[in-house]
Amino acid sequence: MALEKKSKLSLVVPLDGKLNIIRIRNQLINSKYALIEIIALEKSQFTFASPLCLPTSHQVTYGFEFTIFGQSFQVNGSIELESNNDNEYIYKAVIQSEDHVDSEMLYAINQLAVTQNTEYVKLSKSYTPEPSSAVNTVDLIC
């Protein structure tokens with residue numbers, strides 16, 4: 001039995017995205033888009049924030065759109081409420097698997113992780129004082 005390690009990429013800067021309802025039960029629906037902020041990514045799911053209280057029934061299918069490094073992704077799935085407080089709801093979107101989208105999205109997530117890690121390293125180095133090579137000696141006469 002193989003164990004699969006789940007790795008979640010928490011984003012330093014949220015990705016802007018859109019969602020709409022595309023199906024309720026077996027009825028196709030084409031709702032207007034709502035804006036979301038994606039705050040964490042994984043291969044088959046992501047976490048997003050929204051000011052909207054959305055239906056979380058598994059009978060509701062959502063369409064999601066977002067862009068990573070200029071590559072647009074359109075995926076479908078359901079959502080689960082993670083938490084809510086003061087006019088912000090945090091949801092987990094569970095994406096319906098499509099092999100070609102999965103591999104492209106996983107590649108983009110990995111590239112984003114590398115870039116984000118590089119930016120984090122640069123940022124943390126900017127707050128680290130440079131080591132001083134000169135030693136200052138002060139003579140005190142009392």
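## An aromatic cluster

Ring pairs tie Phe46, Phe48, Tyr62, Phe64, Phe66, Phe73, Tyr89 and Tyr91 into one cluster. Rings of Phe, Tyr and Trp (its six-membered ring) count as a pair if their centres lie within 6.5 Å; planes under 30 degrees apart are called stacked, over 60 edge-to-face, and the rest tilted. This is a predicted model, where local features need pLDDT of at least 70 and side-chain atom pairs count only at pLDDT 80 or more, while totals for chains, interfaces and linings use all residues. Residues are numbered from 1 along each chain as its sequence is written, and side-chain values use heavy atoms, with hydrogens and water left out.

The structure holds eight aromatic pairs. Take Phe48 and Tyr91: their ring centres sit 5.3 Å apart with the planes at 25°, so this pair is stacked. Phe48 belongs to strand β4 and Tyr91 to strand β7, so the pair ties together parts that are 43 residues apart in sequence. Tyr89 and Tyr91 also form a stacked pair, at 6.2 Å centre to centre and 25° between the planes.

How accessible are these rings? Phe48 has 0% relative accessibility and counts as buried (buried means under 20% relative accessible area, exposed over 50%, partly exposed in between, with a 1.4 Å probe and protein chains only). Tyr91 is buried too, at 1%, and Tyr89 is likewise buried.

## The overall layout

The protein chain has one helix and seven strands; these are DSSP runs numbered from the N terminus, with helices being H or I of at least four residues and strands being E of at least two. Read from the N terminus, the order is β-β-β-β-β-β-β-α.

Buried residues account for 31% of the 142 residues in the chain. The accessible surface of the chain is about 10400 Å², with 52% of that belonging to carbon and sulfur atoms; areas come from the Shrake-Rupley method with a 1.4 Å probe, and for residues only the protein chains shown count as cover. Among contacts between residues at least 6 apart in sequence, 56% join residues at least 24 apart (contact means heavy atoms within 4.5 Å).

## How the strands pair up

Two strands pair if DSSP finds at least two bridges between them. Strand β1 (residues 9-24) runs antiparallel to strand β3 (residues 34-41), with seven bridges joining them; Leu19 has Ala34 in β3 as its bridge partner. Next, four bridges join β3 to strand β4 (residues 45-50), again antiparallel. Leu41 stands opposite Phe46 in β4, and a hairpin of three residues takes β3 into β4.

Asn85 stands opposite Glu88 in β7.

## The nonpolar core

Which residues touch the most other members of the largest nonpolar core? Of its 28 residues, they are Ile38, Leu41, Phe46, Phe48, Phe64 and Ile68. β1, β3, β4, β5, β6, β7 and α1 (99-126) each supply at least two residues of this core. A nonpolar core here is a set of buried Ala, Val, Leu, Ile, Met, Phe, Trp, Tyr and Cys residues joined through side-chain atoms within 4.5 Å.

Ile68 makes a handy example. Leaving aside neighbours within four places in sequence, Ile68 is in contact with Leu15, Leu41, Phe73, Ala108, Ile109 and Leu112.

Thr67 lies in strand β5 (residues 60-68) and is partly exposed, with a relative accessible area of 36%. Not counting residues up to four places away, Thr67 touches Leu15 and Ser72. The side chains of Thr67 and Ser72 are joined by a polar contact of 3.4 Å; that term covers a pair of N or O atoms within 3.5 Å, where within protein one must be able to donate a hydrogen and the other to accept it, and residues adjacent in sequence count only if both atoms are side-chain atoms.

Leaving out residues up to four places away in sequence, Asn20 touches Asn30, Ser31, Lys32, Tyr33, Thr61, Tyr62 and Gly63.
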